[in-house]
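Dear colleague,

Please find below the structure that I am handing over to you. My notes on it follow directly after.

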Amino acid sequence: MGLIRLIILALVIWMLWRLVNNIKARLNGKEKSANQSDNKIEQSNMVSCHYCSVHTPEEDAIQHEQMWFCNTDHKEKYLEDNS
Ligand SMILES: [Zn+2]
């Protein structure tokens, strides 16, 4: 009887160990996919304002020739200073 109990105990421990490893693998997978989406956000084109050096997403920034500005005000101020 003692041996059967030992085998059952070993089976239960093995199943629990497998379960924990499965959960760990799933959690790691989620963390990896979350990090990947974070990287995508960082990779979205950020441009530095030529006037105040603030970083702005390209779609919100104002372009003038090769220069980027965080708003039209800074673009005009820069052009005034350099005219
Ligand atoms: Zn600016």
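Gln-66 counts as exposed because it has 6 C-beta neighbours inside 10 Å; a residue is called exposed if 12 or fewer other C-beta atoms lie within 10 Å of its own, buried if 20 or more do, and partly exposed in between, with C-beta atoms placed from the backbone. Gln-66 sits in the loop between strand 3 (62-64) and strand 4 (67-69). Its C-alpha atom is separated by 9.8 Å from that of His-50, a residue 16 positions away along the chain.

Two remarks on the basis of these notes are in order. The model is a predicted one, in which local features need pLDDT of at least 70 and side-chain atom pairs count only at pLDDT 80 or more, while totals for chains, interfaces and linings use all residues. Residues are numbered from 1 along each chain as its sequence is written.

Overall architecture and confidence

The protein contains 2 helices and 4 strands, arranged along the sequence as α-β-β-β-β-α. Helices (H or I, at least four residues) and strands (E, at least two) are DSSP runs, numbered from the N terminus. Of its 83 residues, 7% count as buried. Among contacts between residues at least 6 apart in sequence, 10% join residues at least 24 apart; two residues are in contact if their C-beta atoms, placed from the backbone, lie within 7 Å.

The average pLDDT (the predictor's confidence in each residue, from 0 to 100) is 88, and 83% of the residues score at least 70. Confidence is lowest in helix 1 (residues 2-43), with a mean of 82, and highest in strand 4, at 97. Where pLDDT is low, the predicted coordinates should not be read in detail.

The loop between strand 3 and strand 4

Glu-65 also lies in the loop between strand 3 and strand 4. Although it is not a glycine, Glu-65 has a positive phi of about 50°. Glu-65 counts as exposed because it has 6 C-beta neighbours inside 10 Å.

The loop between strand 1 and strand 2

Ser-53 is placed in the loop between strand 1 (46-48) and strand 2. This residue, too, is not a glycine, yet has a positive phi, here of about 70°. With 8 C-beta neighbours inside 10 Å, Ser-53 is classed as exposed.

The loop between strand 2 and strand 3

Is Ala-61 buried or exposed? Ala-61 is buried, since 22 other C-beta atoms lie within 10 Å. It belongs to the loop between strand 2 (55-57) and strand 3. Apart from neighbours within four places in sequence, Ala-61 is in contact with Val-47, Thr-56, Trp-68, Phe-69 and Cys-70. The C-alpha atoms of Ala-61 and Thr-72 are 8.6 Å apart, the two residues being separated by 11 residues along the chain.

Helix 2

Leu-79 is part of helix 2 (residues 72-81). Leu-79 is partly exposed, as it has 13 other C-beta atoms within 10 Å. Between the C-alpha atoms of Leu-79 and His-64, which are 15 residues apart along the chain, the separation is 9.6 Å.

With kind regards
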